[in-house]
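Here is a friendly walk through one protein chain. Have a look at the sequence and the fold below, and then we can go through some of the details together.

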Amino acid sequence: MHSLTTVNKMNVRLERFCRAHRPITRTFQRLITTETTKPSTERITPPTASGTIIPDLSSSAKPREISDGKEAKQTTSKIHWALGEGYEVGGALKRGKGALDRHDEKGLPTWGDWGVPIKLEALGGPAVTTPPNFWLRDNCRCEKCVNQDTMQRAFDTFSIPQDIQPKEVRIEKDGLRITWANDDHVSSYKWDWLVKHRNKAAVSMFEQEKQELMDPYTYWDSNIASNPPSVHYDEIMADDKGVGAWTAKIRQYGFCYVDGCPVSPEKTQELLERISFIRVTHYGGFYDFTADLTMKDTAYTNLALPAHTDTTYFTDPAGLQMFHLLSHTEGEGGASLLVDGFKAAQTLLKESYSAYEILSKTPISWHASGNEGITITPAKKMPVLNFQDLKEGEVPRLMQVRWNNDDRGVVALGEDDGMGAEKWYKAAAKWDEILKRKDMEYWAQLKPGRPLIFDNWRVLHGRSSFTGKRRICGGYINHDDYVSRWRNTNYTRDEALAQIL
């Protein structure tokens, strides 16, 4: 019943990926496989909180069935869907007397020096997760242990006895209640929380968790031009429900228009600040500019710009960026270009595994040094494709595309794991070719009264050259602040906290 391995628990696509390609020794980042998804016009539902590419567990990628071919016996507890049978509200879990006394007469695991084991019924069959005593005590969320105003821990973790043990462990409808032997402190742990933080290497996924692992993104190409995402200005300004609809579309597509915005820098700033405060950089905060080279950057010219992400030279690149064209007089051109960087990464992986690997593992220097007194570069060199840390039982997830060839520094001749300039240039040329494919490019003319906002970690932007005088306003928002606003306008306070705690 415990035959499922970590690889078995990942979706079918990862298994195909592993069979099709040689294993990668991870030095800096981990890689991900994804599938192309066509633009969708279906109603948006709030995606998961991870903000990143997650395994698709659709009908084409189901978890493996139990090996003996028989249907799994329904033995889950009536108290909670994840618990094995035998748990009864009001009952007390037995303390084990030693290594040979690990189960009571009902078959429930006993607690002791080893922690408080919990019997669960996962897709792979019955299994046990055993949170250690010290870990449980450190994660008590009662009013004495957590300041309920700030949600910060309010006690000294390292004052807990290293050999702390329960005095009593009680089963309640909502979770476990533990009374600690050293000071009679009472801690309560909800079943949902215990299941979420189980040892995933020991306990496979649950049926109820499939929805949480669905890919939250809609990947798009040039066809998105027929129905780009948008929200009306009045809806956003009315209440947080409108902000939730706006951030949900940004989250799903990576960009969104706002219809009906007053053609005013003041109103545009108020709109942007509905998400969060505006990030201040060496360009200032909220910007209102023309192509006059006030700042030494090609953005302040009328030249064409290829698809790129902004602020690659910051350790933490800008999260969101807004553009609002206030006016364009005495000329033409200046169409805006958007490319779905995550879709481009999918394409790169399918067409050139080696190029994908190289762009994921070769650290690159980036810089901003055109203005007097400014020489900005990240705290460490960063690759083009950046990933979240691998979680047990999950596929590595793409987090951020960092690409602006104009702001790139010198590629080292040699790097760890055999990476270096010669390989990187070849891989980058393939990436550049994909970005410039006509079917990858979404071109649109910005219009006064219709600001554009996009996720700078996912969507690359550019423009065609133009003549005349254009006036544009907008600004940056930090990625973490944007995700926080999305989470808190699409979920209840308790649901939002449950996603991060």
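This is a predicted model: local features need pLDDT of at least 70, side-chain atom pairs count only at pLDDT 80 or more; totals for chains, interfaces and linings use all residues.

## A buried aromatic pair

Tyr87 counts as buried at 6% relative accessibility, where buried means under 20% relative accessible area, exposed over 50% and partly exposed in between, with a 1.4 Å probe and protein chains only. Residues are numbered from 1 along each chain as its sequence is written, and side-chain values use heavy atoms, leaving out hydrogens and water.

Rings of Phe, Tyr and Trp (its six-membered ring) pair if their centres lie within 6.5 Å; planes under 30 degrees apart count as stacked, over 60 as edge-to-face and the rest as tilted. By this rule there are 17 aromatic pairs. One of them joins Tyr87 and Trp191 edge-to-face, with 6.0 Å centre to centre and 65 degrees between the planes. Tyr87 lies in the loop between helix 2 (12-20) and strand 1 (118-122) and Trp191 in helix 4 (residues 191-196), so the pair ties together parts that are 104 residues apart in sequence. Helices (H or I, at least four residues) and strands (E, at least two) are DSSP runs, numbered from the N terminus.

A charge sits over a ring if NZ of Lys or CZ of Arg is within 6 Å of the ring centre and within 35 degrees of the ring normal. The charged end of Arg251 sits over the ring of Trp486, 4.3 Å from its centre.

Where does Asp340 sit? Its place is in strand 13 (residues 336-340), and Asp340 is buried, with a relative accessible area of 0%. Leaving aside neighbours within four places in sequence, Asp340 is in contact (heavy atoms within 4.5 Å) with Thr218, Tyr219, Trp220, Met440 and Arg458.

The side chain of Asp340 makes polar contacts, which are pairs of N or O atoms within 3.5 Å; within protein, one must be able to donate a hydrogen and the other to accept it, and residues adjacent in sequence count only if both atoms are side-chain atoms. A polar atom of this side chain lies 3.2 Å from the backbone nitrogen of Trp220. At the start of helix 8, a side-chain oxygen of Asp340 reaches to within 3.1 Å of the backbone nitrogen of Phe342. Nine of the 11 residues of helix 8 (residues 341-351) are buried, so this helix is largely enclosed by the rest of the structure. Among the buried ones are Phe342, Leu348 and Leu349.

## Helix 6 from end to end

Helix 6 (residues 240-253) has 14 residues and reaches 20 Å from its first C-alpha to its last, close to the 20 Å expected at 1.5 Å a residue; the expected span is 1.5 Å times one less than the number of residues. Asp239 caps the N-terminal end, with a side-chain oxygen 3.1 Å from the backbone nitrogen of Lys241. After the helix comes Gly254, whose phi is positive, near 90 degrees.

Helix 6 is mostly covered, with 10 of its 14 residues buried. These include Trp246, Ile250 and Arg251.

Most residues other than glycine have a negative phi. Met151, which is not a glycine, has a positive phi of about 60 degrees. Met151 belongs to the loop between strand 3 (146-147) and strand 4 (152-153) and is partly exposed, with a relative accessible area of 26%.

Thr311 is not a glycine either, and its phi is positive at about 55 degrees. Thr311 is found in the loop between strand 11 (305-308) and strand 12 (320-329), and it counts as buried at 2% relative accessibility.

## The chain as a whole

The protein chain has 12 helices and 19 strands, and 51% of its 501 residues count as buried. Among contacts between residues at least 6 apart in sequence, 72% join residues at least 24 apart.

How confident is the predictor, and what average pLDDT does the chain have? The average is 85, and 82% of the residues score at least 70; pLDDT is the predictor's confidence in each residue, from 0 to 100. Over residues 1-74 the pLDDT is below 50, and this stretch has 168 contacts in the model beyond near neighbours in sequence.
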